Amino acid sequence: MKLRFLAAAIGFAIALVSPGFASAAPTQSGTNVFERRTIEVDGSGEVRTSPDTADLNLAIDTQAKTAEQAASSNAALATKVIDALKSKLGDKGKVTTGGYSLDPQYDQRQSEKPRIIGYNAQNTVTVNTRSLDLVGALIDSAIAAGANRVNSLSFSVKDDSKARTEAIAIATRDARAQADALASALDVKLGKVLKATTVSEQRPTPLYMGRAMAMSANVATPVEPGEVTVPATVSLTFEIE
């Protein structure tokens, strides 16, 4: 009697549980029916345009036996360089000071403890101007006043909205062409655009001149700006019909 009752109880429990498992299967498989099929593509484009702004970064390096001497000498030279730049630039741009550093110099001989043999002071000056024809003269004036390194010279466009719009349009056409080609290869039809994003950032034209070129400034420094590239990337997600 006990065995029959236990078997009947187990059978009743299985009967209660089984419908739950059976009803869960359609719900789980039903979610896959409504998933969207999509094609995602990235298109690129760029527009080249003439720059109208120059950014010049110069450095003044000085060395001395003591920190005070290095700093004092650097300050005097930096003042001369800034005055020379402002005199040449007039109201056609602005001159600003950037980073400043004062570091010890070590004599690091093998098997000996490093010892300080002097100090190096460095000051950087930045010039921003829209008079591109002045850039060469600005470099020459700064070097004559005491600047001993041209860190960088870059050209850009102050307002690149027109070029950016054109680059985005080119990138969009490129993305669409890729999507059409992919859909044709897969033998499917493109539907509506579900998502569209874009990234567009101006790429300035850099000219790195360095210490060697700066020190050979016996003649006027020639500067040719070239062109600035404005690239764009467009990402499109299409629904597949």
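In the predicted model, three strands form an open sheet of 3 strands in the order S1-S8-S6, with antiparallel pairing, where strands are DSSP runs of E of at least two residues and helices are runs of H or I of at least four, numbered from the N terminus, and two strands pair if DSSP finds at least two bridges between them. Strands S1 (38–49) and S6 (190–200) stand at the edges with a single partner strand each, so one side of each lacks a neighbour in the sheet. The twist averages 20 degrees from one strand to the next, with axes taken as lines fitted to C-alpha atoms, for helices over the stretch in contact, and angles running from 0 to 180 degrees between N-to-C directions. Helix H4 (residues 161–186) packs on this sheet and touches S1, S6 and S8, its direction making about 145 degrees with that of S1; contact means heavy atoms within 4.5 Å. The antiparallel pairing of S1 with S8 (residues 228–240) extends over 12 bridges, and Val47 has Val230 in S8 as its bridge partner.

Strand S4 (residues 115–129) runs antiparallel to S2 (residues 53–64), to which 11 bridges join it, with Asn57 opposite Thr126 in S4. Strand S3 (residues 93–107) is likewise antiparallel to S4, through 13 bridges, and Asp107 has Arg115 in S4 as its bridge partner.

Helix H3 (residues 135–145) is largely enclosed by the rest of the structure, because 9 of its 11 residues are buried, that is, under 20% relative accessible area with a 1.4 Å probe and protein chains only. Among them are Leu138, Ile139, Asp140 and Ile143. Just after H3, Gly146 adopts a positive phi of about 135 degrees.

Residues are numbered from 1 along each chain as its sequence is written. In this predicted model, local features need pLDDT of at least 70 and side-chain atom pairs count only at pLDDT 80 or more, whereas totals for chains, interfaces and linings use all residues, and side-chain values use heavy atoms, with hydrogens and water left out.

Note on methods
Buried means under 20% relative accessible area, exposed over 50%, partly exposed in between (1.4 Å probe, protein chains only).
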